[in-house]
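Please open the model in your viewer and keep the selection tool at hand. The tour below goes from one selection to the next and says what is found at each stop.

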Amino acid sequence: MIDGPFFVLVVAGVLGTGLVAGVFFGFSAFVMRGLAALPPAQGVAAMNAINVAAVRPAFMAVFAGSAALSALIAVVTFVVWPAEGTVELLSGSALYLVGSFGLTIVANVPRNDRLAGLTPGAPEAAGYWPAYVREWTLWNHARTVASAAASLAYILALA
């Protein structure tokens, strides 16, 4: 059984990865659909504003903090090698680090950067907007599933 400080660390991992999964789910379920329904110039401007607002301490502490927690959980798991929950702990860490944090870096951020470089009312922005919404949302679905699965894996390790 996982107990003591390691228990607290895993519970924090459950909360962090679960919160991130919820944010990503909200984007997949309704935010991107709402933005896609706007004229391209308005959608591009709104998404650029959201991307700037997202890189604030409140979200970044949970998002990056969950990556740090996931890495720490993996390291502690290798050191402690608990009798139960090892596979779940390592799986949860890998799911979050690769499927959420990693995908953000390699799939969503480059699209955000490209969108930020476009003038909202320009023809190039209008042409890119539908592809951006489709591709960004697809990768966001994957991040949502990975974050939720990481949270579930951590919960199963505690069960």
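**The largest pocket**

Begin with helix H4, which supplies the largest share of the lining of the largest pocket, six residues. The model is predicted, so local features need pLDDT of at least 70 and side-chain atom pairs count only at pLDDT 80 or more, while totals for chains, interfaces and linings use all residues. Residues are numbered from 1 along each chain as its sequence is written, and side-chain values use heavy atoms, with hydrogens and water left out.

The volume of this pocket is about 390 Å³. A pocket here is an open set of points on a 1 Å grid over the protein atoms alone, where a 1.4 Å probe fits, with protein on both sides within 12 Å along at least five of seven lines, and lining residues have an atom within 4 Å of a point; the volume is the space filled by probe spheres set on the points, which are joined across faces, edges and corners.

Next select Asn51, Ala54, Phe59, Thr104 and Asn112, which are the closest to the pocket centre of the 19 lining residues. The lining divides into 13 nonpolar, four polar and two charged residues, where Ala, Val, Leu, Ile, Met, Phe, Trp, Tyr, Cys and Pro count as nonpolar, Asp, Glu, Lys and Arg as charged, and the others, Gly among them, as polar.

**The helices**

Now colour by secondary structure: the protein has five helices and zero strands, helices being DSSP runs (H or I) of at least four residues and strands (E) of at least two, numbered from the N terminus. Helices H1 (4–36), H2 (40–54), H3, H4 and H5 (123–158) each give at least two residues to the pocket lining.

Select H3 (residues 57–80) with H4 (residues 86–116), whose axes come within 9 Å and cross at roughly 145°; axes are lines fitted to C-alpha atoms over the stretch in contact, with angles from 0 to 180 degrees between N-to-C directions.
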